[in-house]
Structures are given as C-alpha cells and as structure tokens.
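Let us walk through this model step by step. Keep the sequence and the coordinates side by side as you read.

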Amino acid sequence: MAVFGHVFPFYADPKPTFPMDTALAVIITIFLTALVTFIIILPGIRGKTRLFWLLRVVTSLFIGAVILAVTFSSEWSVGQVSTNTTYKAFSPEWISADIGLQVGLGGVNITLTGTPVQQLNETINYNEKFTWRLGENYAEEYAKALERGLPDPVLYLAEKFTPRSPCGLYHRYRLAGHYASAMLWVAFLCWLLTNVMLSMPVLLYGGHMLLATGIFQLLALLFFSTVTSLTPPCPMHLGTAVLHTHHGPAFWITLTTGLLCVLLGLVMAVAHRMQPHRLKVFFNQSAEEDHMLEWSPEEGGLLSPRYRSMAESPEPQDIPLSEASSEACCKEEHPGETNCAL
C-alpha cells in the first residue's frame with residue numbers, strides 16, 4: 001500500500017551501482033597498466049624488431065585479458081525487454097521499465113531501469129547479483145532479497161534460477177559454469193606457458209601451447225552450449241512481454257579469441273617447418289642460439305651435445321709418433337742441437 005505520496009517506506013532504497021563489474025574493472029586495469037608499461041619502453045628497441053615486439057605484446061596481453069575477463073563476466077547468456085509491469089508487492093501501481101538478465105559462469109545479474117528513471121516518486125535503477133559459485137548459497141541470497149523487498153520483476157527472474165524452481169535453470173547453468181570455468185583456467189595456464197616458451201628458443205612448443213590455449217577455450221564454449229541446451233527453455237513473462245535469452249558478448253569474444261589462438265598456433269607450426277629462420281626473426285631470436293640445441297631424429301627431441309652419450313660422439317684418435325720421425329723433425333727444426341731425443 002502506497003502512503004505519503006506513493007512512496008513505499010517499508011522497502012529499502014536501491015543500492016548504488018558501479019558502472020561495470022568490479023572484477024572486470026580490476027582485470028582491465030591490470031592489463032592496461034602492463035600495456036602502457038611496455039609502450040613506454042618501446043622506444044628503447046631499435047629497428048624493425050620494434051614493430052614485431054609490439055605486435056607480440058599486444059596480442060599476448062589481449063588473449064590473457066580476454067580469458068580472465070570472460071571467466072568473471074556475467075554476459076554469457078543475456079536477454080533484455082522493455083515492458084509495463086508491476087513494481088512492488090501489495091501495490092497495483094505499474095511502471096514502464098527496461099529489464100535485463102545476464103547469466104554468467106558464477107551467477108545471475110538482473111537489472112531494472114525505469115523509463116523514465118523517476119517514477120512513483122522513486123528512482124528505479126536496480127542492479128542485483130545472485131551467485132552460485134563454490135561456497136555461495138543461491139537460495140540464501142534469494143531469501144535475503146525477499147526480506148529486502150526488491151521489486152517484483154527482479155524477484156520473479158531470480159526465482160526462476162532457484163534450486164527448487166521447476167524450470168531447472170539453476171542446475172543447468174551451474175553445471176555449465178563449473179565445466180566452462182575449469183576449461184578457461186586451464187586455457188589461462190596454457191597462455192602463461194606459451195609466453196614462457198616463446199621467450200626461449202623453443203618456438204615450436206610455444207606454438208603448441210598457444211594451440212592448446214585456443215582448444216581449451218573452444219572446449220569451454222562446447223560445455224556451456226551443450227549443458228545449457230539439455231532442457232527446454234523456460235518462459236519468463238514480465239508484464240506485457242516475454243524475456244528471451246541468447247548468447248552474450250562473453251560467449252562470442254571467447255569464440256573469436258579461441259579461433260585466433262588456434263590459427264596462430266597452426267601458423268607457427270607451419271612456419272617452423274617451412275620458414276624457421278623468418279619465424280626466429282619475428283621472435284627476435286638469432287641463428288646463433290640454434291648451435292646451443294641440435295635436433296636428433298632418433299630421439300625425437302632437442303638434444304644438447306653435452307648430453308650425448310660417448311658412443312654417439314666420435315672418440316679422439318691418438319696417433320703415436322715413432323722415435324725416428326720425431327728425431328728427424330727435431331733435427332730439421334734445430335740443426336745445431338745434438339740431442340733432440342724427447
């Protein structure tokens with residue numbers, strides 16, 4: 001029941017919202033700081049290797065930032081609708097609002113923005129997050145939302161993802177999030193190994209790890225798409241409209257980055273076989289480093305001459321000199337000396 005000029009005194013005011021997810025903001029800040037640092041030291045690199053070095057740094061930082069960002073992103077499956085709907089419980093008042101649903105690997109984010117924002121003498125601008133990551137209780141968070149008296153559209157969408165909901169969205173998206181998140185963390189580890197190997201004279205293995213980085217990203221997409229499509233879609237009626245979800249920006253940017261990693265890994269493998277010298281020039285590795293390592297077809301790997309067995313390396317041959325020949329050589333070199341015997 002509305003009193004005091006259509007103001008609802010028993011409900012909490014909407015909490016202030018940050019323009020973007022804090023985890024995403026931290027990740028972007030860290031990688032932008034690293035990029036700026038590398039750009040500052042760029043003038044110290046001479047020649048054409050400066051452009052190659054900058055291209056490698058930007059590409060590597062982009063791949064790493066994408067893997068971490070999509071892991072914490074809430075835009076794997078999104079939906080938005082503009083509708084007229086009820087605002088609060090026990091009130092016949094309706095509002096015009098934009099309602100958004102964002103499903104990530106670790107939870108759901110629901111937004112409610114009035115059009116206009118000021119309606120019923122209130123500021124209608126809500127951004128609520130409900131998580132199901134390990135150690136978090138989604139049902140408990142939903143119960144707290146009921147106690148706070150959040151608007152009806154927010155509670156309605158949050159109720160669809162509760163464990164007891166007949167839609168089954170909770171178990172479906174929670175399982176998909178666990179598998180996809182695990183694959184992305186493995187991809188991030190492969191990305192770290194890629195950077196380590198590309199800084200060493202083992203470019204082929206660096207290309208293999210880059211290929212593995214892309215494969216694990218594609219596996220994350222496969223798990224997410226497969227698990228989320230096991231059950232039929234759940235209708236979400238919000239006033240006069242129905243909310244439908246589809247793959248969000250995090251899904252598509254992961255697909256793009258995964259294909260990019262696979263393509264670059266294959267290009268490096270082909271270049272290592274066809275044009276190894278040009279590949280070394282691109283990674284600023286001189287040909288002198290090749291003398292440190294030698295390819296052994298029998299062993300199928302890189303072997304250092306220091307680690308070869310004594311049977312593989314030629315043994316030094318001692319050629320003894322006869323006394324007569326040594327004495328003759330001595331007389332030729334020192335004709336004045338009488339005793340040239342050793």
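Residues 179-198 are 100% helix and 0% strand. The end C-alpha atoms of this span lie 29 Å apart. The model is predicted, so these values describe a prediction. Residues 52-72 are likewise 100% helix and 0% strand, with their end C-alpha atoms 31 Å apart. Both spans carry the annotation "transmembrane region" in an unreviewed UniProt entry. That record also lists residues 23-45, 210-230 and 250-271 under this annotation.

Stay with helix 5, which covers residues 169-198. Trp185 and Phe188 both lie in it, three residues apart, or about one turn of the helix. The structure holds 17 aromatic pairs. Trp185 and Phe188 form one of them. Their ring centres are 6.1 Å apart and their planes stand at 90°, an edge-to-face arrangement. How accessible are the two partners? Trp185 has 40% relative accessibility, so it counts as partly exposed. Phe188 has 15%, which is under the 20% limit, so it counts as buried.

Another pair joins Phe251 and Trp252. The centres lie 5.2 Å apart and the planes meet at 85°, so this pair is edge-to-face too. Phe251 is buried at 7% relative accessible area, whereas Trp252 is partly exposed at 45%. Both residues belong to a cluster linked by ring pairs. The cluster also takes in Trp76, Phe130, Trp132, Tyr138, Phe161, Tyr170, Tyr173 and Phe224. Elsewhere, a ring meets a charge: Lys88 lies over the face of Tyr87, at 5.2 Å from the ring centre.

Five of them form an open sheet in the order 4-3-2-1-7, with antiparallel pairing. Inside the order, strand 2 (residues 94-103) pairs with strand 3 (residues 107-119). This antiparallel pairing runs over seven bridges. Val103 stands opposite Val108 in strand 3. In general, strands of a sheet pair through backbone hydrogen bonds.

Strand 4 also takes part in a side-chain contact. The structure holds two salt bridges. In one, Glu128 meets Arg148 at 3.4 Å, N to O. Glu128 sits in strand 4 and Arg148 in helix 3 (residues 138-148), so the pair links parts of the chain that are distant, 20 residues apart. Arg148 counts as partly exposed at 33%.

The other salt bridge joins Glu140 and Lys144, at 3.8 Å, N to O. These two residues are four apart in helix 3, and therefore about one helical turn separates them. Glu140 is partly exposed, with a relative accessible area of 42%. Lys144 is partly exposed as well, at 46%.

Terms used. Residues numbered from 1 in each chain as written. Predicted model: local features only at pLDDT ≥ 70, side-chain atom pairs only at ≥ 80, totals over all residues. Heavy atoms only, no water. Pairing = 2+ DSSP bridges. Salt bridge = Lys/Arg side-chain N within 4 Å of Asp/Glu carboxyl O. Buried < 20%, exposed > 50% of the residue type's maximum accessible area, 1.4 Å probe, protein only. Phe/Tyr/Trp six-rings, centres within 6.5 Å; stacked < 30°, edge-to-face > 60°. Lys NZ or Arg CZ within 6 Å of the ring centre and 35° of its normal. UniProt positions renumbered as here; feature names shortened; annotations may be inferred.
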